[in-house]
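Hi everyone, thanks for coming. Please have a look at it first.

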Number of protein chains: 2
Amino acid sequence: MTAAGAPDELTSVLRQIVGAEHLLTDPDLRAGYEVDWTRRFHGPCDAVVRPADTGEVAAVLGACTAAGAVVIPQGGNTGLVGGSVPGPAQGGRRVVVLSTRRLRAIGPIDDVVGQVTVGAGVTLAELEEAVAVTPWRVGVDLGARESATIGGMVATNAGGTRVVRHGMMRDNVGGVEAVLADGTVLSHLGGLLKDNTGYDIASLLCGSEGTLAVLTAVRMRLVPKDDERCVAWIGCGSWNDAVAVATSCRLRLRSLDGIEAVDAAAQRVVAEALQLSPPVEGTIGLLVALTVDGGPQLDTLAALAGERPVAVALDGPGASSLWERRDRVTEAIATTGVPHKLDVSVPLPAIPPFTAALPAVVTAAAPGAAVYVFGHLGDGNLHVNVVGPAPEEDAVDDAILRLVAANGGSISAEHGIGRAKQRWLHLSRSPEELRTFRAIKAALDPAGTLNPGAGPVLP
Amino acid sequence: MTAAGAPDELTSVLRQIVGAEHLLTDPDLRAGYEVDWTRRFHGPCDAVVRPADTGEVAAVLGACTAAGAVVIPQGGNTGLVGGSVPGPAQGGRRVVVLSTRRLRAIGPIDDVVGQVTVGAGVTLAELEEAVAVTPWRVGVDLGARESATIGGMVATNAGGTRVVRHGMMRDNVGGVEAVLADGTVLSHLGGLLKDNTGYDIASLLCGSEGTLAVLTAVRMRLVPKDDERCVAWIGCGSWNDAVAVATSCRLRLRSLDGIEAVDAAAQRVVAEALQLSPPVEGTIGLLVALTVDGGPQLDTLAALAGERPVAVALDGPGASSLWERRDRVTEAIATTGVPHKLDVSVPLPAIPPFTAALPAVVTAAAPGAAVYVFGHLGDGNLHVNVVGPAPEEDAVDDAILRLVAANGGSISAEHGIGRAKQRWLHLSRSPEELRTFRAIKAALDPAGTLNPGAGPVLP
């Protein structure tokens, strides 16, 4: 394979493995795989392979490793940190994008235990549809459900809006099938709820961002379908107050399902840009979602809200209307400019000092910029958006991530490292940890085939 | 250090690190560390070191690795598979037992997020006492709480009776501090609920049985303290019936906390040996524990039990009396002989065929033996006990573990592999998985210092 895409030995081997129609070398056909959906991250590849099953994935990986090529695993390509597309240069090595989208099998749903085995290329929406007829549902939910694949969600340890109840993707995986760079197939899809027979490869691959293996199938643990849900918007006087209410909710409401927060600036932009005023007054709008089953949850919630203004709605248009004021924050901010988006987490007790220090830090790095804070407060996961500085100026990103680290936080709560955050990884991880990541990478992918230059292993 | 225990260079280095009183070379002082509490597993060591802090652990490991010695990490020594004591021979290498029992610090309890950092040598009971004053509690509970250490519980991914609600130890850990064999200290104790900045070292070490690193501290995630609990004993007609009721409970009772089962033989031996008859009739006694908060849980439970005989008791003597009939099964069986104990898990749908095939398999391997089945049905975790064959005759163990594997189960649900189960590990893990375990081991412990001959890496 040359820069011009002329056939060479690797190309013909890959073509033999997946068939001519699933080896894309034409620049027009490759283009969609060379850029992520934000258009911020892109890089050229020599070919895109679309294997049909685990055997083909193993053959592709073995051939690429033998040829010294780089493989970029790609699922739905909905990540936000450039982890699923090639880098601008891959050290002169040939670059193959491996799309998992043809790994689309959905196995029989085990109704007794609440599990199902799905191909890595199945989208979240496809899986949700498949389980809709059962008493179970998928525990993780997120906005990109129509495109995000289960394999990609495992590889990035996706979070979303229900982490308070069901945890991250790692907590919802009962086993994986994956292929190492040399073509070795690891398969542990029995989904046993208890199985202390070795290192937890599934947890290790979860969040490894395609740097250790290519996921081909996932045993998903499902969760019971909800009873009727209820959403409350509580007007809190400060971040301190919001954290206190969130903690009380976590302690008292077993049926809790989400705790989101929207700061005053974000409430204002939603009101102005979308004509959606906050339902009640309050510096911080705290959205609490829970399920109700005829028990005392609503009374408990009212007691927790105390004197604070509160709007409550059961499932249906009322609840959707409350959620809209959280869901559409991103859209409202986008009407004011191109935001710098920082997905960070901070220990809950550090949220008040972090948010108090934030305006001055932003102003120092980007005078006149607007800053919005919202996100999954129950998990300490805040989305900090800044509008003002040009997209490529990252002084404000740097300043905010340093403030996060100074408050004991993480520079990436749920998006991962990808290519975008490698330069800040040292703020969250020690040299000893980074060395250990490198050792694990070298053990499973000694040739450095898989996604070099992305994820937690620094180049 | 020689076989006679005479001082050599390593001994004097270790003495300098931990102080003379914490380096035990006298055979009388070593003896308690060379055998596990079951007395089934034992092996000699040259010395026991009792480091006081992480720095001392790092120095000890560095010195031992440099000297080519073997290190056996030991916590409360309450494991059941011989993973925390030396083997009968360690390949001619010097053997040092590293006791974590002096790593006893308990950090401040973070009431807001519900977390605390504890030294690896803190016992579960000590931690429970420390958090008793807060609105939080420890999510994992087990019988050995007075001796089992938090470090050991992480290293073995301990389970217990509340896994249905709170998961295994892995699910209750928010980060660890650990020392690699070369003395490198890895510390990630921030306890962030969301943190996608690298490979999940904590999950990898959880269940690694001391083969990859020595845990020195653990960030424990706590869970909300319970409301009033309630226990019900439902008389089920068969294993099939019991699995069906268990599934309904998992789907309908959000406040569920445990699902245990006791088969007819185990009910009978408890009645005969301890004069504790089952509270209601039924081939399988199904114990369901849940918390009640004034909601409809008890009505739901009654509906789930349907026409089956049921005894219900709120917290207090009535509940204890029901639990006793499950808790004391082990004790009752012990009055009839020395049992072969098999801690296995089987997919829930496979429990009826597995238990149906079991008597014939046991009879073929050990004619006339008695077999008892009980355990954590909600997790598919059964404790199969067999009385009859001599303790050292393992034909029946072999036959049962093969039946487990044939039913898609695990040869070790919650006890781990240790030294006892290595010969059967191939029944649960493929050659590719075993090779991958070995590669990970070689990456983190290239000299093979830590616990060789135990855990999931075969010699």
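Let's begin with A:Arg162, which forms a salt bridge with A:Asp226, and the closest N and O atoms are 3.1 Å apart. By salt bridge I mean a side-chain nitrogen of Lys or Arg within 4 Å of a carboxyl oxygen of Asp or Glu. This pair links distant parts of the chain, 64 residues apart: A:Arg162 sits in the loop between α5 (150–155) and α6 of chain A, and A:Asp226 in the loop between β9 (214–224) and β10 (228–236) of chain A. The helices (H or I, at least four residues) and strands (E, at least two) I name are DSSP runs, numbered from the N terminus.

Before I go further, a word on what you are looking at. This is a predicted model, in which local features need pLDDT of at least 70 and side-chain atom pairs count only at pLDDT 80 or more, while totals for chains, interfaces and linings use all residues. Residues are numbered from 1 along each chain as its sequence is written, chains are lettered from A and ligands numbered from 1 in the order in which they are written, and side-chain values use heavy atoms, with hydrogens and water left out.

Back to our pair: is A:Arg162 buried or exposed? A:Arg162 is buried, with a relative accessible area of 6%, whereas A:Asp226 comes out as partly exposed at 22%. The cut-offs are under 20% relative accessible area for buried, over 50% for exposed, and partly exposed in between (1.4 Å probe, protein chains only). The two also belong to a network of salt bridges that links A:Arg162, A:Arg165, A:Asp226, A:Arg229 and A:Asp257.

Here is a pair within one helix. A:Arg402 and A:Asp398 form a salt bridge, with the closest N and O atoms 3.0 Å apart. Both lie in helix α14 (residues 395–406) of chain A, four residues apart, about one turn of the helix. A:Arg402 is partly exposed at 42% relative accessible area, while A:Asp398 counts as buried at 15%.

Over in chain B, B:Glu324 pairs with B:Arg328 in a salt bridge, and there the closest N and O atoms are 2.7 Å apart. B:Glu324 is partly exposed at 26% relative accessibility, and B:Arg328 is partly exposed too, at 25%. Searching the whole structure gives 41 salt bridges over all chains.

Now a quick stop at the backbone. Most residues other than glycine have a negative phi, and most peptide bonds are trans. A:Gln275 has a positive phi, near 55°, and is found in the loop between α9 (264–274) and β12 (284–292) of chain A. At 61% relative accessibility, A:Gln275 is exposed. B:Asn157 also has a positive phi, near 50°. Its place is in the loop between α5 (150–155) and α6 (163–166) of chain B, where B:Asn157 is buried, with a relative accessible area of 2%.

So, on to the two chains together. How is chain A superposed on chain B? A rotation of 180° with 0.0 Å of shift along its axis does it, with an RMSD of 0.0 Å, and that is the relation of a two-fold axis. In chain A, the C-alpha nearest the axis belongs to A:Gly295, 1.9 Å from it. The superposition is by least squares on the C-alpha atoms of residues with pLDDT of at least 70 in both copies.

As for contact, meaning heavy atoms within 4.5 Å, 85 residues of chain A touch 85 residues of chain B. The copies meet through the same surface, because 100% of the interface residues of chain A are also interface residues in chain B.

How much area do chain A and chain B bury between them? About 6,400 Å², 58% of it on carbon and sulfur atoms. Buried area here is the accessible area (1.4 Å probe) that two parts lose on being put together, summed over both. A:Lys194, A:Asn196 and A:Tyr199 supply 17% of the area that chain A buries against chain B, more than any other three residues.

There are six salt bridges between chain A and chain B. A:Lys194 turns up again here, with its side chain meeting that of B:Asp379 in a salt bridge (3.3 Å, N to O). Among the elements, α16(A) gives the most to the side of chain A that touches chain B, with 10 residues.
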